[in-house]
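Welcome, and please open the model in your viewer. We will take the tour one selection at a time.

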Amino acid sequence: MIDMIFAMDNNRGLGLDNRLLYRNKDDMKFFKETSMQYDYVVCGRKTYESIGQLKDRKTIVLTRNKNYDTKSKFAKTMTLEQFAEFATGKDILCIGGAEIYEAMLPATENVFLTLINDSKDADAYISDDFMKDLFVQFNMKLLDSYSKDENNETNFLILQYTRK
């Protein structure tokens with residue numbers, strides 16, 4: 001099973017210069033608790049280089065560069081084609097980036113989306129087509145809502161979309 005998780009703002013912005021746009025502690029806690037439940041997390045090379053190896057999680061780094069070295073014994077590299085074969089029978093959480101989300105959506109069962117009630121400049125976005133597919137092919141459920149406070153720089157919702 002493949003699921004995915006991401007946070008986006010009101011403009012569907014994901015990040016800027018390979019960094020997250022927001023650091024909401026409660027959202028980071030949700031990410032950690034959720035990602036720990038999976039056999040593997042999968043991400044693209046740029047995402048991996050920006051966050052590094054996540055503690056206590058096995059990682060698959062998708063890249064076209066067959067010589068790419070993660071420098072971690074807990075991370076494997078593979079192409080998207082290799083991943084499709086590898087993923088069978090495993091619980092995998094896709095953690096980004098934008099290209100990887102687009103590629104994985106057809107195989108995804110659940111999408112955990114943090115919707116941030118704010119907007120900032122970004123250079124990585126979720127596409128209109130992705131959102132249209134999400135709204136048509138998945139049912140949405142509100143998991144939690146948070147207000148701006150000492151732990152969170154913005155108001156945000158955590159939503160779960162489950163394939164119909």
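Start by selecting residues 40-44, which form strand 4. This is a predicted model. Five of the five residues in strand 4 are buried, so the rest of the structure largely encloses this strand. Buried here stands for under 20% relative accessible area.

Now show the side chains of strand 4. Which residues point one way, and which the other? Tyr 40, Val 42 and Gly 44 point one way, while Val 41 and Cys 43 point the other way, and all are buried.

To find one of the pairings, select Tyr 40: its bridge partner in strand 7 is Ile 92.

Then select residues 59-62 for strand 5. Strand 5 also pairs with strand 4 in the parallel sense, over four bridges. Look for Thr 59 of strand 5, which stands opposite Val 41.

Zoom out and colour the whole chain by secondary structure: there are five helices and eleven strands. The C-alpha atoms fill a box of roughly 45 × 35 × 30 Å along the principal axes. How does the radius of gyration fit a compact globule? For 164 residues such a globule would have a value near 15 Å, and the chain agrees because it has 15 Å. Buried residues account for 44% of the chain.

Colour by charge to see 23 positive and 26 negative side chains, two sets whose centres lie 5 Å apart.

Definitions and conventions. Residues numbered from 1 in each chain as written. Predicted model: local features only at pLDDT ≥ 70, side-chain atom pairs only at ≥ 80, totals over all residues. Heavy atoms only, no water. Helix = DSSP H or I, 4+ residues; strand = E, 2+ residues; numbered from the N terminus. Rg over C-alpha atoms; globule rule 2.2 N^0.38 Å. Buried < 20%, exposed > 50% of the residue type's maximum accessible area, 1.4 Å probe, protein only. Lys, Arg positive; Asp, Glu negative; His and termini not counted. Charge placed at Lys NZ, Arg CZ, Asp CG, Glu CD. Pairing = 2+ DSSP bridges.
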